Amino acid sequence: MQSQLKSAIAEAFVQADTNLRLKQPTRAFEWLELAHILTQRHPCLHAKSHWLMLRLGLQTKDYREVLGQIPRIVAALLFSRIWVPIGNTGRARVSAFLPMPVPEDLQQLLANDN
């Protein structure tokens, strides 16, 4: 994994954690969605993004989010190296199988991520 991608992932997780602790769920979810897109090809980091979404779902009492994240954590660990729906934000409110457009600023970071 290239250093710029590693830095962007680390920053996304730090910002998500900060917003989670500050009880700013909208901002925390935005950072976790970013982290999810960036980590889709890396099983443990991908699962971490879903785990934090589950925690945030618990914090906000969004049980749809909690229930939706449980199978996504397992799938992230098992299938991230095989197939992922590129660009998917990882939230329970979107299909786990739906590819989505990758924001332009992330495309360059992901260009050499194999």
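1. Contact here means heavy atoms within 4.5 Å, and helices (H or I, at least four residues) and strands (E, at least two) are DSSP runs numbered from the N terminus.

2. A word on the model before going on. It is a predicted one, where local features need pLDDT of at least 70 and side-chain atom pairs count only at pLDDT 80 or more, while totals for chains, interfaces and linings use all residues. Residues are numbered from 1 along each chain as its sequence is written, and side-chain values use heavy atoms, with hydrogens and water left out.

3. Now the overall picture. The protein chain has 5 helices and 0 strands, which reads as α-α-α-α-α along the sequence. Its radius of gyration is 13 Å, close to the 13 Å from the globule rule for 114 residues, so the chain is as compact as a globular protein of that length (C-alpha atoms; the rule is 2.2 Å times the number of residues to the power 0.38). The C-alpha trace spans about 40 × 25 × 25 Å along its principal axes.

4. On to burial and contact range. Of the 114 residues, 46% count as buried (buried is under 20% relative accessible area, exposed over 50%, partly exposed in between; 1.4 Å probe, protein chains only). If you take contacts between residues at least 6 apart in sequence, 58% of them join residues at least 24 apart.

5. Back to the H2/H3 pair, for its geometry. Helix H2 (residues 25–39) packs on helix H3 (residues 43–59) at an angle of about 160°, the axes being 8 Å apart (axes are lines fitted to C-alpha atoms over the stretch in contact, with angles from 0 to 180 degrees between N-to-C directions). That makes H2 roughly antiparallel to H3 (over 145 degrees; roughly parallel is under 35, roughly perpendicular 65 to 115, the rest oblique). The crossing of these two is left-handed (near helix turned anticlockwise from the far one by less than a right angle).

6. H3 also packs against H1. The axes of H1 and H3 come within 11 Å and cross at roughly 10°, which makes H1 roughly parallel to H3. H1 passes H3 in a left-handed crossing. H1 brings Ile-9, Phe-13 and Leu-20 to the contact, and H3 brings Leu-45, Lys-48, Ser-49, Leu-52, Arg-55, Leu-56 and Gln-59. By class that is 6 nonpolar, 2 polar and 2 charged residues.

7. Gln-69, in helix H4 (residues 63–79), deserves a look. At 0% relative accessibility, Gln-69 counts as buried. Leaving aside residues up to four places away in sequence, Gln-69 touches His-50, Met-53, Leu-54, Gly-90, Arg-91 and Ala-92.

8. Asp-17 sits in helix H1 (residues 3–21) and, at 28% relative accessibility, counts as partly exposed.

9. Last, two backbone angles to check. Lys-23 lies in the loop between H1 and H2 and has a positive phi of about 55° although it is not a glycine. Lys-61, in the loop between H3 and H4, has a positive phi near 60°, again in a residue other than glycine. At 59% relative accessibility, Lys-23 counts as exposed; Lys-61, at 59%, counts as exposed too.

Terms used:
Ala, Val, Leu, Ile, Met, Phe, Trp, Tyr, Cys and Pro count as nonpolar, Asp, Glu, Lys and Arg as charged, and the others, Gly among them, as polar.
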